[in-house]
Amino acid sequence: MGLGNNIRRRRKILGMTQRQLAEGIISVPYLSLIENEKALPGEDILKLLARRLNTDPETLMGIRDAKKAEQFRELVEQARTALNYEEHASSEKTIQSLRALASTVADPDMLVQIELLELNLLEHRNRPEQSEKLLEQFEERWKSVLDRPSVKVPYLRIKGNIQYRKGHFEKALHHYLAAKRYLPEITDDIEKGYVYSNLGITYVLLAHPSMGILYADKALEIMNRHDRLLEVCNLLHLKGTCLCHIGEYNEAILLFERIIRMCNQFLLCRLFASRAYHGMGICHMKRGNHHTAIRLFHQSIRVAGPNKLPEWEIGVVHQSLAYAHLKAGNLKKARRYIKSAMRRLKDRLNLYAECLVYLGMIHHAEGDLKRFEFCYRRAIDIFLSLGIHEKAARAAQTLGEFMSKNDKPYQAVRYLKIAARHYNKLVPTVDFGTELPVGKDKRHASSTIQHLP
């Protein structure tokens with residue numbers, strides 16, 4: 001496998017047509033069969049083709065030595081690690097080194113891995129249009145190897161990642177589950193761990209935290225066995241998030257504290273410590289310890305240092321700060337943080353829609369009911385478009401009950417039907433509440449906020 005791909009790639013690099021390469025050696029139809037991996041040329045023909053392509057038969061056949069193979073594996077690991085650290089420039093530089101190495105041996109297995117890494121990098125940068133275009137090119141170029149489990153699993157995982165980044169969690173889950181079916185047929189333990197991890201993350205976002213814990217534990221077993229500390233930190237955070245969703249706050253906080261200790265002990269990237277402080281803040285916020293939560297959210301930004309957190313992660317923390325201040329009754333600060341969050345999360349529709357819900361709550365507490373309705377309607381439309389049933393149901397329930405109390409029966413029925421239909425698709429967990437905060441004096445931004453369950 002790979003000889004035909006290498007001949008076609010080399011021919012295109014030189015700007016030759018099939019007729020120019022085949023002339024005087026073989027027929028054009030036979031060359032086409034060779035390039036499509038449907039025929040294998042004899043040694044004499046291969047030598048003539050190699051000579052015309054200004055290379056040698058060994059290069060076209062993808063023969064490489066063990067030293068270069070080991071060098072390639074090390075560079076792949078460097079690229080993976082850079083992606084885990086969100087160091088995109090470093091990952092891109094390593095991928096360029098991989099391409100330079102692969103060009104010296106023309107091995108198709110290497111090229112497949114490199115293109116998968118490039119796809120991974122693009123989806124990490126949240127560029128779905130570019131990712132999908134490159135994915136189509138990958139499918140066309142490597143359709144002859146897509147049935148191999150070692151290619152199929154990362155390919156399906158990346159397809160899922162692209163949908164995940166777009167907020168289409170059910171579509172992402174479909175691809176991850178398809179990849180899971182092939183896991184017994186591959187030997188790459190780390191790839192298995194990535195699939196389990198992605199399944200866990202997606203399940204918790206689809207309101208199935210128990211399934212999230214199941215797959216987090218599967219991935220943790222693999223990553224601990226291979227001493228993959230970065231992945232272990234990510235998975236402990238995932239498990240802590242799942243425990244927080246089901247109300248096991250003490251256990252969740254213990255996991256987040258463990259991440260912080262690991263970061264200090266092994267001098268790991270402060271990004272993981274930042275996420276752990278944020279997770280602890282969520283636990284305290286759900287317990288009603290709003291001021292403790294606010295302190296931990298600020299610590300999550302401070303611990304990473306200036307300009308170290310990606311903009312979208314700062315947006316997530318500001319979203320949490322807005323909700324904490326909202327529940328503590330400080331509407332002025334809540335508004336400031338939610339506006340900041342919305343600027344930073346405008347490209348992440350699922351998070352942006354959550355911000356609209358919190359902004360709607362602020363408008364309701366201030367007595368601006370038209371803007372409250374507008375925010376909730378828009379948020380519901382986004383949740384529905386993304387297939388996020390729990391959040392669509394909760395927001396629709398709130399809006400439906402509000403309209404029922406305000407003599408809008410037809411609109412109330414519409415939104416309560418949406419809520420019922422989407423609650424029926426899940427066992428809801430606790431995220432944002434369905435009750436609205438109401439100030440003692442709706443004309444003043446300093447109104448006291450009712451407890452949000």
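Select helix α12 (residues 189-205) and helix α13 (residues 209-225), whose axes come within 7 Å and cross at roughly 160°. Helices here are DSSP runs of H or I with at least four residues, numbered from the N terminus. The axes are lines fitted to C-alpha atoms over the stretch in contact, and angles run from 0 to 180 degrees between N-to-C directions. α12 and α13 are therefore roughly antiparallel, the term for angles over 145 degrees. The crossing is left-handed, meaning that the near helix is turned anticlockwise from the far one by less than a right angle.

This is a predicted model: local features need pLDDT of at least 70, side-chain atom pairs count only at pLDDT 80 or more, and totals for chains, interfaces and linings use all residues. Residues are numbered from 1 along each chain as its sequence is written, and side-chain values use heavy atoms, with hydrogens and water left out.

Now show side chains at the α12–α13 contact (heavy atoms within 4.5 Å). From α12, the residues include I190, Y194, L199 and Y203; they meet residues of α13 including M211, Y215, I222 and M223. The residues of this contact divide into 12 nonpolar, four polar and four charged. Ala, Val, Leu, Ile, Met, Phe, Trp, Tyr, Cys and Pro count as nonpolar, Asp, Glu, Lys and Arg as charged, and the others, Gly among them, as polar.

Stay on α12 and pick N198. Is N198 buried or exposed? It counts as buried, because its relative accessibility is 14% and the cut-off is under 20% relative accessible area (1.4 Å probe, protein chains only). Leaving aside neighbours within four places in sequence, N198 is in contact with R157, N161 and Y176.

Next, select F138, L199, I259, F297, V357 and L399, which have the most contacts inside the largest nonpolar core, a set of 127 residues. Such a core consists of buried Ala, Val, Leu, Ile, Met, Phe, Trp, Tyr and Cys residues joined through side-chain atoms within 4.5 Å. Helix α20 (residues 349-366) gives the most to this core, with 11 residues. Centre on I259: beyond four places in sequence, I259 touches C233, L236, H237, F272 and A276.

A second, separate core has 14 residues, among them I7, A22, L31 and I34.

Finish with helix α1 (residues 3-13) and helix α3 (residues 28-35), whose axes come within 7 Å and cross at roughly 115°. α1 and α3 are therefore roughly perpendicular, a term covering 65 to 115 degrees. G4, N5, I7, R8 and R11 of α1 make the contact with L31, I34 and E35 of α3.

Technical notes: Helices (H or I, at least four residues) and strands (E, at least two) are DSSP runs, numbered from the N terminus. Angles under 35 degrees count as roughly parallel, over 145 as roughly antiparallel, 65 to 115 as roughly perpendicular and the rest as oblique. Buried means under 20% relative accessible area, exposed over 50%, partly exposed in between (1.4 Å probe, protein chains only).
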